[in-house]
Amino acid sequence: MRSLFFLLLATPLHALPEAPPAKFRAQTLDDKLGIGYGLSIADIDGDGKQDIVLVDAKETVWYKNPEWTKQRMTGSLTKQDHVCVAACDIDHDKKAEVAIGAEWNPGDTKNSGAVFTLTAPEDRTKEWSAQQQHREPTVHRMHWIKQAAGDYFLAVLPLHGCNNVNSEGDGIRFLGYQPQKDAGKEWPTFLINDQFHLAHNFDPIPWPGTAGDSMLVACKEGVHLLRKSGDAWQATRMTEKGAGEVRLGKLPNGKRMIATIEPFHGNEVAINPEAESGLWSAKRVLLDGSLAEGHALATADFLGLGYDQLIAGWRKQDKDKKVGIRMYVPTAEDGATWKLHSTVDDNTMACEDFKVADLNGDGKPDIIAAGRATKNLVVYWNERN
C-alpha cells in the first residue's frame with residue numbers, strides 16, 4: 001500500500017493515456033540546395049494541390065505536387081542572398097501570389113534588405129518577373145496577412161532596426177505592404193510596429209474577438225501579440241524571455257499555448273500555457289534544453305489525438321554531434337508535463353526551416369523541411385495508423 005501511495009504521488013494529475021507511435025516516411029525531393037533559407041506551401045498552378053515553394057540563396061523554385069518536379073521562378077535578384085518567401089492566393093483565383101525577401105546581410109543595418117513581388121507568366125513553370133518594392137535593412141521574414149474584409153497585405157519583419165549596432169538602437173520597422181492591381185506600381189507601406197529589437201520570426205494566427213489575422217512575434221523582448229484595433233496594431237507582451245521561434249497551439253484541455261524556441265537561435269524548447277491575466281510565461285514549461293541553434297518550430301495534431309503535439313528542428317550539431325527534428329507530446333491535460341515522443345529525423349536534416357501541411361490530402365499533417373548544412377529538401381510523410 002505504501003509503494004502504491006508514492007506511485008500515485010509521482011503520477012501527474014490529469015495524466016493522459018500513452019500517445020500512439022509516430023510514423024514518418026522521409027522522401028528527399030532535392031539534395032543539391034544552396035542553403036534552403038525558407039519555405040512556403042501553396043497551390044501555385046491552380047490544380048487544387050499544395051505545392052512547395054523554396055527560396056534558396058541564389059534562386060527561387062517550386063516543386064509541383066505530386067511529381068515534385070522542380071520549376072525555377074527566379075534567378076538571383078540581388079548580390080546578397082535571398083532569405084524568405086511567402087506564397088498565398090490573395091486574389092482568390094486559386095493560384096498563389098509570391099513575394100521574396102533578399103539582399104540578406106544581417107551585419108549591415110544600413111544598406112541591406114530588399115523586397116520583391118513576383119508576377120506569374122501564363123505558363124507558371126516558366127520564369128516569373130520581379131518587381132522591387134520598398135526596401136528595409138535586414139529584411140528577414142514575411143507572411144501574407146488576412147484582413148477583416150477578406151483581402152491581404154504582406155507583412156515584412158526585419159531582423160534589426162535601421163542603423164542598429166549589437167541589437168541596440170531604434171526599433172525594428174515592421175511594415176505592411178498593400179497590394180496594387182497594377183503590377184508595375186510600387187506597393188505603399190504602413191507601419192505595424194517599431195518597438196521590437198532583434199525579432200527573428202512571427203506567426204499569423206486567429207485571435208478571439210479580432211477579425212482577420214493577428215500575429216505573434218518572437219523577439220528580444222519576449223513574444224508579443226499584435227492585434228488590429230481600428231487603424232492601428234496594438235502590442236501586448238505575452239512571455240518574459242527572448243525568443244527566436246513562436247507558434248500558437250492547442251492543449252489537451254482545450255486551452256491555448258504559445259510554443260517557443262528560446263532565446264534567438266536558442267537551445268530551449270518551451271510552451272507557455274494560456275493565462276487569464278498577466279504573462280503566459282508565468283507557467284512556462286521547458287520541454288528540451290539541448291538543441292543547437294533551434295531554427296524551426298510547429299504545432300499540429302500529427303497523431304490524431306484532438307490536440308497539438310510540437311516539433312522542433314535545429315541546424316548545428318548538438319552535444320551528440322547530431323542535427324534533426326524531434327516531436328514532443330503533452331502528458332498532462334493542462335500541458336504541465338511533456339515528454340520527448342519521437343525523433344522524426346536523426347542526423348540527416350540540419351533544419352533551416354520547415355512547414356506543416358497535408359500534401360496528399362489524407363487528413364494527416366506532413367512535414368516539409370529544408371536543411372542548411374545538409375543542403376536537402378525532405379518531405380516526412382505522416383503514415384500513422
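Residues are numbered from 1 along each chain as its sequence is written, and side-chain values use heavy atoms, with hydrogens and water left out. In this predicted model, local features need pLDDT of at least 70, side-chain atom pairs count only at pLDDT 80 or more, and totals for chains, interfaces and linings use all residues.

Nonpolar cores were assigned as sets of buried Ala, Val, Leu, Ile, Met, Phe, Trp, Tyr and Cys residues joined through side-chain atoms within 4.5 Å. Buried denotes under 20% relative accessible area, exposed over 50%, and partly exposed in between (1.4 Å probe, protein chains only). The largest nonpolar core holds 35 residues. Within this core, I44, M73, V98, M142, W144 and L154 touch the most other members. Strands are DSSP runs (E, at least two residues), numbered from the N terminus. At least two core residues come from each of β3 (51–55), β6 (84–88), β7 (97–102), β8 (114–119), β10 (139–146), β11 (152–158) and β12 (174–177). The top contributor is β6, with five residues. A second, separate core has 19 residues, among them A298, L303, I311 and C351.

L159 lies in the loop between β11 and β12. Its relative accessibility is 4%, so L159 counts as buried. L159 and F196 are 37 residues apart in sequence, yet their C-alpha atoms are 9.5 Å apart in space.

A pocket is an open set of points with protein on both sides within 12 Å along at least five of seven lines. A cavity is a set of points where a 1.4 Å probe fits but cannot get out. Lining residues have an atom within 4 Å of a point. Points are joined across faces, edges and corners, and a volume is the space filled by probe spheres set on them.

Two or more lining residues come from each of β2 (38–42), β6, β10, β14 (201–207), β18 (245–250), β22 (294–300) and β26 (351–357). Ala, Val, Leu, Ile, Met, Phe, Trp, Tyr, Cys and Pro were classed as nonpolar, Asp, Glu, Lys and Arg as charged, and the others, Gly among them, as polar. By this scheme, the lining of the largest pocket has 17 nonpolar, three polar and three charged residues.

The second largest pocket has about 400 Å³ of space. It is lined by 22 residues, of which I90, E97, P179, Q180 and W187 are closest to its centre. β7 and β8 are the elements that give two or more residues to this lining. β8 gives the most, with three. The lining divides into eleven nonpolar, five polar and six charged residues.

One cavity of 30 Å³ or more is present. The largest cavity has a volume of about 170 Å³. Of its 19 lining residues, L39, R141, N201, D353 and K355 are closest to the centre. β26 supplies the largest share of this lining, four residues. By class, the cavity lining has nine nonpolar, four polar and six charged residues.

An open sheet of four strands runs in the order β2-β3-β4-β5, with antiparallel pairing. Strands pair if DSSP finds at least two bridges between them. β2 and β5 (69–74) are edge strands with a single partner each, so one side of each is left without a neighbour in the sheet. Five bridges join β4 (residues 60–64) to β5. V61 has R72 in β5 as its bridge partner.
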